Amino acid sequence: MITELIIAFFLLAGSFFVLIASIGVLRLPDLMMKMHASTKAGTLGAGLILVAVGISFDEISVLTRILATIIFLLLTAPVAAHLIGRAAYYTGIELWEGTIVDEMDRNGEISEPEASRKSRAASDAKLNRNVSES
Amino acid sequence: MLNGETVLLDTVLVITFAALSISLVAGMIRLLIGPSLPDRVVALDLIAYIVIAFIATYCIHTGTSDFIDAAIVVALIAFLGTTAFARYVLKAGRPSTNDEI
(Lines give C-alpha, C1' and ligand atoms only; values in the text may rest on other atoms or scores of the structure.)
Protein backbone atom coordinates (compact mmCIF):
# COMPACT_ATOMS: atom_id res chain seq x y z
CA MET A 1 0.00 0.00 0.00
CA ILE A 2 2.71 2.44 0.97
CA THR A 3 4.61 1.55 -2.21
CA GLU A 4 1.56 2.39 -4.27
CA LEU A 5 1.20 5.72 -2.52
CA ILE A 6 4.80 6.56 -3.39
CA ILE A 7 4.30 5.47 -7.01
CA ALA A 8 1.12 7.54 -7.25
CA PHE A 9 2.93 10.57 -5.82
CA PHE A 10 5.80 10.31 -8.31
CA LEU A 11 3.40 9.76 -11.22
CA LEU A 12 1.26 12.78 -10.31
CA ALA A 13 4.29 15.01 -9.71
CA GLY A 14 5.88 13.94 -12.99
CA SER A 15 2.77 14.46 -15.08
CA PHE A 16 2.22 17.83 -13.38
CA PHE A 17 5.70 19.02 -14.34
CA VAL A 18 5.37 17.71 -17.91
CA LEU A 19 2.05 19.54 -18.21
CA ILE A 20 3.63 22.76 -16.89
CA ALA A 21 6.47 22.36 -19.39
CA SER A 22 4.14 21.95 -22.35
CA ILE A 23 1.97 24.90 -21.29
CA GLY A 24 5.16 26.94 -21.02
CA VAL A 25 6.31 25.91 -24.49
CA LEU A 26 2.89 26.80 -25.85
CA ARG A 27 2.43 30.14 -24.09
CA LEU A 28 5.80 31.78 -23.35
CA PRO A 29 6.73 34.58 -25.74
CA ASP A 30 10.29 33.90 -26.82
CA LEU A 31 12.57 31.00 -27.69
CA MET A 32 14.83 31.24 -24.66
CA MET A 33 11.85 31.15 -22.30
CA LYS A 34 10.30 28.24 -24.18
CA MET A 35 13.58 26.40 -23.92
CA HIS A 36 13.78 27.09 -20.20
CA ALA A 37 10.32 25.56 -19.72
CA SER A 38 10.95 22.54 -21.94
CA THR A 39 14.42 21.68 -20.66
CA LYS A 40 14.02 22.06 -16.91
CA ALA A 41 10.40 21.14 -16.23
CA GLY A 42 10.28 18.56 -19.03
CA THR A 43 13.35 16.70 -17.84
CA LEU A 44 12.18 16.79 -14.23
CA GLY A 45 8.74 15.47 -15.17
CA ALA A 46 10.03 12.62 -17.32
CA GLY A 47 12.61 11.78 -14.64
CA LEU A 48 9.99 11.62 -11.89
CA ILE A 49 7.77 9.30 -13.95
CA LEU A 50 10.78 7.08 -14.66
CA VAL A 51 11.50 6.96 -10.92
CA ALA A 52 7.91 5.77 -10.42
CA VAL A 53 8.56 2.93 -12.88
CA GLY A 54 11.76 2.04 -11.04
CA ILE A 55 9.88 1.79 -7.74
CA SER A 56 6.97 -0.21 -9.16
CA PHE A 57 9.20 -2.95 -10.64
CA ASP A 58 11.15 -4.83 -8.02
CA GLU A 59 13.94 -5.97 -10.34
CA ILE A 60 17.53 -4.87 -10.51
CA SER A 61 17.62 -5.00 -14.34
CA VAL A 62 14.72 -2.56 -14.64
CA LEU A 63 16.27 -0.28 -12.03
CA THR A 64 19.55 -0.20 -13.93
CA ARG A 65 17.87 0.73 -17.19
CA ILE A 66 15.80 3.41 -15.45
CA LEU A 67 18.91 4.89 -13.86
CA ALA A 68 20.71 4.86 -17.21
CA THR A 69 17.80 6.64 -18.89
CA ILE A 70 17.56 9.30 -16.18
CA ILE A 71 21.30 9.97 -16.21
CA PHE A 72 21.25 10.14 -20.00
CA LEU A 73 18.35 12.61 -19.93
CA LEU A 74 20.04 14.78 -17.30
CA LEU A 75 23.29 14.80 -19.29
CA THR A 76 21.89 15.46 -22.76
CA ALA A 77 19.03 17.89 -22.09
CA PRO A 78 21.26 20.87 -21.13
CA VAL A 79 23.68 20.11 -23.96
CA ALA A 80 20.90 20.00 -26.55
CA ALA A 81 19.26 23.15 -25.19
CA HIS A 82 22.59 24.97 -25.19
CA LEU A 83 23.32 23.96 -28.78
CA ILE A 84 19.95 25.00 -30.17
CA GLY A 85 19.86 28.21 -28.13
CA ARG A 86 23.35 29.18 -29.24
CA ALA A 87 22.54 28.48 -32.87
CA ALA A 88 19.28 30.43 -32.68
CA TYR A 89 20.93 33.37 -30.90
CA TYR A 90 23.77 33.71 -33.38
CA THR A 91 21.44 33.50 -36.34
CA GLY A 92 19.45 36.41 -34.96
CA ILE A 93 16.38 35.12 -33.17
CA GLU A 94 14.17 37.87 -31.81
CA LEU A 95 14.20 38.26 -28.03
CA TRP A 96 11.09 39.21 -26.10
CA GLU A 97 10.53 42.98 -26.14
CA GLY A 98 10.58 43.04 -22.33
CA THR A 99 14.12 41.63 -22.18
CA ILE A 100 16.26 43.82 -19.92
CA VAL A 101 19.70 42.22 -19.99
CA ASP A 102 21.35 40.64 -23.02
CA GLU A 103 24.74 39.70 -21.66
CA MET A 104 26.18 38.56 -24.94
CA ASP A 105 26.89 41.18 -27.56
CA ARG A 106 25.71 40.13 -30.97
CA ASN A 107 28.11 42.52 -32.64
CA GLY A 108 31.20 40.42 -32.06
CA GLU A 109 32.33 41.16 -28.50
CA ILE A 110 32.30 37.43 -27.72
CA SER A 111 33.88 35.13 -30.25
CA GLU A 112 31.43 33.34 -32.49
CA PRO A 113 31.63 30.66 -35.16
CA GLU A 114 33.01 31.41 -38.59
CA ALA A 115 29.86 30.64 -40.55
CA SER A 116 27.52 32.93 -38.66
CA ARG A 117 30.13 35.72 -38.56
CA LYS A 118 30.40 35.58 -42.33
CA SER A 119 26.66 35.56 -42.85
CA ARG A 120 26.17 38.49 -40.50
CA ALA A 121 29.04 40.42 -42.05
CA ALA A 122 27.21 40.09 -45.36
CA SER A 123 23.90 41.23 -43.90
CA ASP A 124 25.59 44.10 -42.05
CA ALA A 125 27.20 45.26 -45.29
CA LYS A 126 23.80 45.19 -46.94
CA LEU A 127 22.32 47.17 -44.06
CA ASN A 128 25.08 49.79 -44.24
CA ARG A 129 24.56 50.12 -47.96
CA ASN A 130 20.85 50.71 -47.44
CA VAL A 131 21.55 53.31 -44.77
CA SER A 132 24.06 55.18 -46.88
CA GLU A 133 21.75 55.16 -49.89
CA SER A 134 18.84 56.65 -48.00
CA MET B 1 5.64 -6.13 -9.76
CA LEU B 2 2.58 -5.28 -7.73
CA ASN B 3 -0.17 -7.84 -7.34
CA GLY B 4 -2.80 -6.16 -9.46
CA GLU B 5 -3.58 -2.48 -9.58
CA THR B 6 -5.66 -1.00 -6.83
CA VAL B 7 -8.28 1.66 -7.37
CA LEU B 8 -5.87 4.39 -6.28
CA LEU B 9 -3.12 3.47 -8.71
CA ASP B 10 -5.65 2.94 -11.49
CA THR B 11 -7.09 6.42 -11.00
CA VAL B 12 -3.65 7.98 -10.84
CA LEU B 13 -2.64 6.21 -14.05
CA VAL B 14 -5.72 7.58 -15.84
CA ILE B 15 -4.96 11.09 -14.58
CA THR B 16 -1.33 10.74 -15.69
CA PHE B 17 -2.33 9.54 -19.16
CA ALA B 18 -4.77 12.45 -19.49
CA ALA B 19 -2.19 15.04 -18.43
CA LEU B 20 0.42 13.58 -20.78
CA SER B 21 -2.07 13.59 -23.66
CA ILE B 22 -2.88 17.26 -23.09
CA SER B 23 0.85 17.98 -22.98
CA LEU B 24 1.35 16.11 -26.23
CA VAL B 25 -1.37 18.16 -27.91
CA ALA B 26 0.15 21.42 -26.61
CA GLY B 27 3.59 20.43 -27.84
CA MET B 28 2.16 19.46 -31.22
CA ILE B 29 0.40 22.84 -31.55
CA ARG B 30 3.70 24.61 -30.89
CA LEU B 31 5.39 22.33 -33.42
CA LEU B 32 2.83 23.26 -36.07
CA ILE B 33 2.57 27.02 -35.51
CA GLY B 34 6.30 27.63 -35.12
CA PRO B 35 6.94 30.47 -35.85
CA SER B 36 10.69 29.90 -36.34
CA LEU B 37 12.68 26.70 -36.87
CA PRO B 38 14.32 26.76 -33.39
CA ASP B 39 10.84 26.99 -31.83
CA ARG B 40 9.87 23.83 -33.67
CA VAL B 41 13.05 22.06 -32.60
CA VAL B 42 12.36 22.92 -28.95
CA ALA B 43 8.80 21.63 -29.35
CA LEU B 44 10.13 18.40 -30.88
CA ASP B 45 12.49 18.00 -27.93
CA LEU B 46 9.58 18.43 -25.52
CA ILE B 47 7.49 15.91 -27.45
CA ALA B 48 10.32 13.39 -27.08
CA TYR B 49 10.30 13.91 -23.31
CA ILE B 50 6.54 13.46 -23.22
CA VAL B 51 6.82 10.25 -25.25
CA ILE B 52 9.43 8.94 -22.79
CA ALA B 53 7.06 9.73 -19.92
CA PHE B 54 4.22 8.05 -21.85
CA ILE B 55 6.23 4.87 -22.37
CA ALA B 56 7.18 4.81 -18.69
CA THR B 57 3.55 5.21 -17.60
CA TYR B 58 2.52 2.50 -20.03
CA CYS B 59 5.10 0.18 -18.43
CA ILE B 60 3.41 0.62 -15.05
CA HIS B 61 -0.04 0.23 -16.65
CA THR B 62 0.70 -3.08 -18.36
CA GLY B 63 3.23 -4.41 -15.89
CA THR B 64 5.80 -5.23 -18.56
CA SER B 65 9.23 -3.67 -18.34
CA ASP B 66 10.28 -4.31 -21.95
CA PHE B 67 9.23 -0.91 -23.21
CA ILE B 68 11.84 0.92 -21.16
CA ASP B 69 14.39 0.10 -23.88
CA ALA B 70 12.16 1.99 -26.31
CA ALA B 71 12.28 4.99 -23.96
CA ILE B 72 16.09 4.88 -24.02
CA VAL B 73 16.08 4.78 -27.82
CA VAL B 74 13.67 7.74 -28.00
CA ALA B 75 15.93 9.74 -25.67
CA LEU B 76 18.95 8.97 -27.86
CA ILE B 77 17.19 9.91 -31.08
CA ALA B 78 15.85 13.14 -29.57
CA PHE B 79 19.34 14.22 -28.55
CA LEU B 80 20.83 13.36 -31.94
CA GLY B 81 17.99 15.13 -33.74
CA THR B 82 18.33 18.30 -31.69
CA THR B 83 22.09 18.35 -32.22
CA ALA B 84 21.70 17.89 -35.96
CA PHE B 85 19.05 20.63 -36.13
CA ALA B 86 21.28 22.99 -34.13
CA ARG B 87 24.09 22.51 -36.63
CA TYR B 88 21.64 22.99 -39.48
CA VAL B 89 20.26 26.22 -37.99
CA LEU B 90 23.79 27.53 -37.48
CA LYS B 91 24.78 26.72 -41.07
CA ALA B 92 21.57 27.89 -42.68
CA GLY B 93 21.95 31.39 -41.25
CA ARG B 94 18.90 33.38 -40.32
CA PRO B 95 16.01 31.25 -39.05
CA SER B 96 13.13 31.35 -41.47
CA THR B 97 9.74 32.37 -40.14
CA ASN B 98 6.25 31.57 -41.27
CA ASP B 99 6.08 34.84 -43.21
CA GLU B 100 8.94 33.86 -45.49
CA ILE B 101 7.69 30.38 -46.35
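Predicted model: local features only at pLDDT ≥ 70, side-chain atom pairs only at ≥ 80, totals over all residues.
Residues are numbered from 1 along each chain as its sequence is written, and chains are lettered from A in the order in which they are written. Local features need pLDDT of at least 70, side-chain atom pairs count only at pLDDT 80 or more, and side-chain values use heavy atoms, without hydrogens and water.

**Exercise 1.** Sort the contact of helix 1 of chain A with helix 2 of chain B by residue class.

*Solution.* Step 1: apply the classes. Ala, Val, Leu, Ile, Met, Phe, Trp, Tyr, Cys and Pro are nonpolar; Asp, Glu, Lys and Arg are charged; the others, Gly among them, are polar. Step 2: read the result. The contact has 9 nonpolar, 2 polar and no charged residues.

**Exercise 2.** At what angle do helix 1 of chain A and helix 2 of chain B pack?

*Solution.* Step 1: the angle is about 160 degrees, with the axes 11 Å apart. Step 2: helix 1 of chain A is therefore roughly antiparallel to helix 2 of chain B (roughly antiparallel: over 145 degrees).

**Exercise 3.** Describe the aromatic pair of B:Phe17 and B:Phe54.

*Solution.* Step 1: the centres lie 5.6 Å apart, with 35 degrees between the planes. Step 2: the pair is tilted (centres within 6.5 Å; planes under 30 degrees apart are stacked, over 60 edge-to-face, the rest tilted). Step 3: B:Phe17 lies in helix 1 of chain B and B:Phe54 in helix 2 of chain B, 37 residues apart.

Conventions:
Axes fitted to C-alpha atoms, helices over the stretch in contact; angles between N-to-C directions. Helix = DSSP H or I, 4+ residues; strand = E, 2+ residues; numbered from the N terminus. Parallel < 35°, antiparallel > 145°, perpendicular 65-115°, else oblique. Phe/Tyr/Trp six-rings, centres within 6.5 Å; stacked < 30°, edge-to-face > 60°.
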